[in-house]
Amino acid sequence: MTYQTKHVPPKIADFDVIVIGTGSGGGVGAHMLNKDGKKVAVVEQETMGGECPNYGCIPTKALLQAAETLDTINSAENFGIKVSGKAEVDYPALKAWKDKAVWNTGTHAGEQSYKEDGVAVLRGHAHFIDPWTLSVKGKRYTAKRFLIASGTSDFVPPIPGLKETGYIGYREALEFEKPPKKLFIIGGGAIGCEFTEIFSTFGVDVHIAEATERLAGKEDSEIGDLIQALFERKGVHVHVDSKVVKVEKKGAQKVVHVDTNGKVTKITVDEIMLAAGKIANTDLGLENAGVEFSRRGIKVSREMQTTTEHIYAAGDVTGGYMFTHVANYESRIAAQNMFSTLKHHADYSAVPRCIFISPEVASVGLTEAELKEKGIEYQVGATSTGWLGRANTSQKDTGFVKILANKKGIILGASIVAPRAGEMIHELTLAIQWKMKASKIKYTIHAFPTWNQAIRSAAAKIDCK
Amino acid sequence: MQHIVKRAGHTEPYDEKKVYAAVYAACLSVREPSGSAELVADKVMTDVNTWIEKKHEVTANDIRRQGAKHLKAYNPDASHMLLNHRIVW
């Protein structure tokens, strides 16, 4: 069998575009290009739909909803509701509910849906043989353009004894039919915090360890401090500034050696869960295609173009913000730019970031640390949510809204901790995206009694020139 | 069966012995004792076998890069030789 060795565009390509990955980074672009009349193929080696609907956002939010429901039942007496008997978690039923939520996303019919739309579905691992040729299960396909959206995998930290002792990732944690009594979560980012919320609410004795000085370490310090206080109130053991230095097996249990400021503590648990970050899936023969990448991910321009002109990349594999909504945004930009001379550019100035614990945590734009690093003078407008009418009627008085603005009052960043922070943050996302002054929010009527009133209140504390 | 796309464009079945031989030669070229070179070559060959397991078709350069990547942990100089000098493949 011979093949073209000169790396020139094929005169007749099998497809206009081949998209690697069917998650948000790939799927959105594939559908856009298909609607645009292009001949498209998608390559998927795992579950159609990718991480978010199958193992990420959707199943975790389904479990978080169950946790919130349990909390609501347990606090029903505060609202004059008598509950006879104790509310308990029925794990097989809980898993069934989670599976139903995943099923409702429709990813199980994903392959059929692509095919009905006229998109070819190639199952298997994708590997570039040259810049224009992709090998999938030993068959070669050529295309005029490629979109790489192969996502990420769990990062496994090099902890002595970890592999031998055994651990689970968040995928396995979603499948518990009988939870561990004691769980140790390594990593205090969004995933670690959400699973801490889920399992601690369900009565599991949870330890969470974070190597940096606070949970959700990339966000403003108030957020991490408040999450820690909330978790500790629920009985969670929070270990910040702590590194897991060793793991060993002790009978059916596992012993985790945690080093906190030089002091090593041994903690015996039933299971260890990793939430220590992600690494880009770049094992695609990218070198054969001339696509530059690092451990962080594939190098892309703001047009989502890689170092090889006709190959684009989007989503987690580019190593930027690892959110479904960002992957979706990047995929749209890549699809738009592939065949157009009018190039769109990615703008990350207003990316909302959410952690769906109780109360929810959301932030957007720059943090205080980033403002200081950039040397931007800023002012802070902040308020607690405890005084709100809505806080009174829902008996949820923990939270705050904090807005960061430049000296002119233009909003640059914001953080919210409140029961519906994930929804609230979009008012501030809009403001940052369109470079609005805080006074625009101050002079906007906000309905009473809503959580968003706190945003107006915080904005009113910003001095606008 | 995994296939290797060779530099000239033709393909041939993956042969782990070639990986072993190339790694062994790279080790010897930087004066690694032959006994140790055998052990290292065996380990790297196993690593490359694991990597290629789920793939159907890769290039000879891919194999060379993977071999060098795994060899780096045992002998960085030999890894450099494997990556940058045509020893066996």
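Modeller: Helix 3 of chain A passes helix 4 of chain A in a right-handed crossing. This is a predicted model, where local features need pLDDT of at least 70. Residues are numbered from 1 along each chain.

Biologist: What makes the crossing of helix 3 of chain A and helix 4 of chain A right-handed?

Modeller: The term means that the near helix is turned clockwise from the far one by less than a right angle. Helix 3 of chain A passes helix 4 of chain A that way.

Biologist: Why is helix 3 of chain A called oblique to helix 4 of chain A?

Modeller: The two pack at an angle of about 135 degrees, with axes 9 Å apart. Angles under 35 degrees count as roughly parallel, over 145 as roughly antiparallel, 65 to 115 as roughly perpendicular and the rest as oblique. So helix 3 of chain A is oblique to helix 4 of chain A.

Biologist: How many residues of each class are in the contact of helix 3 of chain A with helix 4 of chain A?

Modeller: It has 9 nonpolar, no polar and 1 charged residues. Ala, Val, Leu, Ile, Met, Phe, Trp, Tyr, Cys and Pro count as nonpolar, Asp, Glu, Lys and Arg as charged, and the others, Gly among them, as polar. Lys98(A) in helix 4 of chain A is one of the residues that meet helix 3 of chain A.

Biologist: Why do strand 17 and strand 19 of chain A stand at the edges?

Modeller: The open sheet has the order 17-18-21-20-19 in chain A. Strands pair if DSSP finds at least two bridges between them. Strand 17 and strand 19 of chain A each have a single partner strand, so one side of each is left without a neighbour in the sheet.

Terms used:
Chains lettered and ligands numbered in written order. Predicted model: local features only at pLDDT ≥ 70, side-chain atom pairs only at ≥ 80, totals over all residues. Axes fitted to C-alpha atoms, helices over the stretch in contact; angles between N-to-C directions. Helix = DSSP H or I, 4+ residues; strand = E, 2+ residues; numbered from the N terminus. Contact = placed C-beta atoms within 7 Å.
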